[in-house]
Amino acid sequence: MSDFSAYLLENNVVQPGHLEQVSAGDSPAADPVYYRLLRKFPELEDPLWRALARFLHLSLVDLTQIDPDPFLARLVPARVAHRYAIAPLVRQGARLELAVADPRQFDKCDEFAMLLGETGEGPAPQFSIVPRLTRPSDVAELVKAIYGIGAETVQDMLDDREAAPAGDSILAREGPEVVDLTRVQDTSEDAAIVRFVNQLLLEAVKIGASDIHLEPFEDTLSVRYRVDGMLQSEPVPGRIKHLESAIISRVKIMANLDIAEKRLPQDGQIRLTVMTRPIDVRVSVLPTMFGQGIVLRLLDRQITFRQLEKLGIPDDYLRLYRQTLQLSHGVVLVTGPTGSGKTTTLYASLNELNDPRRKIITVEDPIEYQLAGITQIQVKPAIGLDFANILRNILRHDPDVIMIGEIRDTDTARLAISAAMTGHLVFSTLHTNDAPSAPVRLLEMQMEPYLISSALEAVIAQRLVRVLCPDCRTEITDGQQLPPEYAEQLRAGRVYDSRGCAACRQTGYQGRTAIFEMFSLNDTIRHLILHRANAGQIRQEARALGMRSLQESGFEKMHMGLTSLAEVCRVAREERVDMRTIMNG
């Protein structure tokens, strides 16, 4: 056993079982124990490297306190940074501090000095290299921040382009039908352009992004990921604009699109495999002023659908909603803007109802996820297979429950209500700002009031708010940190905010939860609909039945420590406020 292994055991950093599982045998070329432990137990990285620093009498660098300087990328080439797991930290004259993940590299400072690149002002000067021990994950994040995603691969592509004979194309090989992203490191077989696009997709999957935006501008190709509903710009290599056509063509090849067509919008699909997880990617290409913009929507086909109680529905709403699910007929509407989680709520509802005694049919555009035991139909307007046409024929298949992806027009609304009136439980979505506006919207679609009041059973409105990062969440105790109009919230309960940290990628948030308002129709509300009451009158009666507004629901989540005041006001404002004041708190 090595001295460091004994040190780990003595200080309770690891247990004997950990070391038994990473035994290196007698091979003298085996990796040191700290790397073998890291590969097997990645959750031990922080205690391992803290122990390593103490054992070697070194200080461990906290990269959260360092602002990356992209200029330093000119000194240390991307290939060197990736190959040796090092990154430039600080330059002071001829003194250059390097973040180094592996202490074995400390003896290679002279070699690193010889590998430094051009400064742009002549040959690289002679530097005195000072190594600083840093966690491997922190070095990887710093390399990405300084050089951009796939910087080493971009350099390979540029080299390939310069070395390739005239007329040769690095896009000659088309991708397989199913792209396995776990092979992203197999550089010996994959062309550089393939590796780079795979790196973009793999990074998106790792951070839980729902969309990737590739946006061409005059001088650059922007890469942004949508995480928890918000777009985040990603660092990219400075010369990526030169490879824009190759990157876009590769994506189009993977999606089986026409790479020669650059004037018209195109839509396609890619099937990915990431560590045996199947993921579908919807691809949308749009011609813009400076080239073709691409948005890729990632859908995990092995997603585990949440149970209703996991959606964040308040207990009183959940009891009321489950009573509605037991009805044999009627219309249940889920309202809200695009991206508010309506489909997730509907799928959770269908999962609860799904059993061999019921036949459930869905009509969707598009089918986002496959539901076992449920008949799902994809709308295809180009051949006349729209919501209305499908609904006219769906009743012949003897369904008990019908889910309509969205009520978009009068025909669909009329057929949905007709199905409910003939003994079917119908779920659908509608675009309204709040729950009381849903009956009014149906009236505006020329539906007869008596049909709405007879068929409609319940309406839910919802929004998604980001959840505060547990690692950097802090409680606000000073009322002066809040806008005056929200000062009473500090008296009503605890209020939290977040600073941002490495765990949440400096956003202050991790994941999302939903806020709701819901009402079930009683005789008074049905009477109001019959007399074409406005949304305000319906809201007044719904509140008398216990409905709370979206903002009030958000405040409840805020006092539970789940989200912030700024986030609630962002998605559910009831009156205009200065959001800069809230965000700066």
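Colleague: How do strand β14 and strand β15 pair, parallel or antiparallel?

Modeller: Strand β14 (residues 401-404) and strand β15 (residues 425-430) pair in the parallel sense, over 4 bridges. Strands here are DSSP E runs of at least two residues, helices are H or I runs of at least four, and both are numbered from the N terminus. Two strands pair if DSSP finds at least two bridges between them. Bear in mind that this is a predicted model: local features need pLDDT of at least 70, side-chain atom pairs count only at pLDDT 80 or more, and totals for chains, interfaces and linings use all residues. Residues are numbered from 1 along each chain as its sequence is written, and side-chain values use heavy atoms, with hydrogens and water left out.

Colleague: Which residue in β15 is the bridge partner of V401?

Modeller: That is L425.

Colleague: And what sheet do those strands sit in?

Modeller: An open sheet of 7 strands with mixed pairing, in the order β13-β12-β14-β15-β11-β16-β19. Its edge strands, each pairing on one side only, are β13 (375-378) and β19 (509-520). From one strand to the next the twist averages 20°; angles are taken between N-to-C directions, from 0 to 180 degrees, with axes fitted to C-alpha atoms, for helices over the stretch in contact.

Colleague: Which strands does helix α13 lie across?

Modeller: Helix α13 (residues 387-394) lies across β12 (360-364), β13 and β14. The helix runs at about 165° to β12. Contact means heavy atoms within 4.5 Å.

Colleague: Switching topic: how many cavities are there of 30 Å³ or more?

Modeller: The count is 2. A cavity is a set of points on a 1 Å grid, over the protein atoms alone, where a 1.4 Å probe fits but cannot get out; lining residues have an atom within 4 Å of a point. Grid points are joined across faces, edges and corners, and the volume is the space filled by probe spheres set on them.

Colleague: What lines the largest one?

Modeller: The largest cavity holds about 60 Å³ of space, and its lining includes V331, L333, A413, I417 and I452. At least two lining residues each come from β11 (330-335), α14 (410-421) and α16 (449-455). Helix α14 gives the largest share, 3 residues.

Colleague: What is the strand order in the open sheet of 3 strands?

Modeller: The order is β1-β2-β3, with mixed pairing. The edges are β1 (86-92) and β3 (128-133). Neighbouring strands are turned by 30° against each other on average, direction ignored. Strand β2 (residues 95-100) and β3 pair in the parallel sense over 6 bridges, with P131 in β3 as the bridge partner of L98. Helix α7 (residues 136-147) lies across β1 and β2, at about 65° to β1.

Colleague: And the whole protein, how many helices and strands?

Modeller: It has 22 helices and 19 strands. Of the 585 residues, 50% are buried, that is, under 20% relative accessible area with a 1.4 Å probe, protein chains only. Among contacts between residues at least 6 apart in sequence, 64% join residues at least 24 apart.

Technical notes
On a 1 Å grid over the protein atoms alone, a cavity is a set of points where a 1.4 Å probe fits but cannot get out, and a pocket is an open set with protein on both sides within 12 Å along at least five of seven lines; lining residues have an atom within 4 Å of a point.
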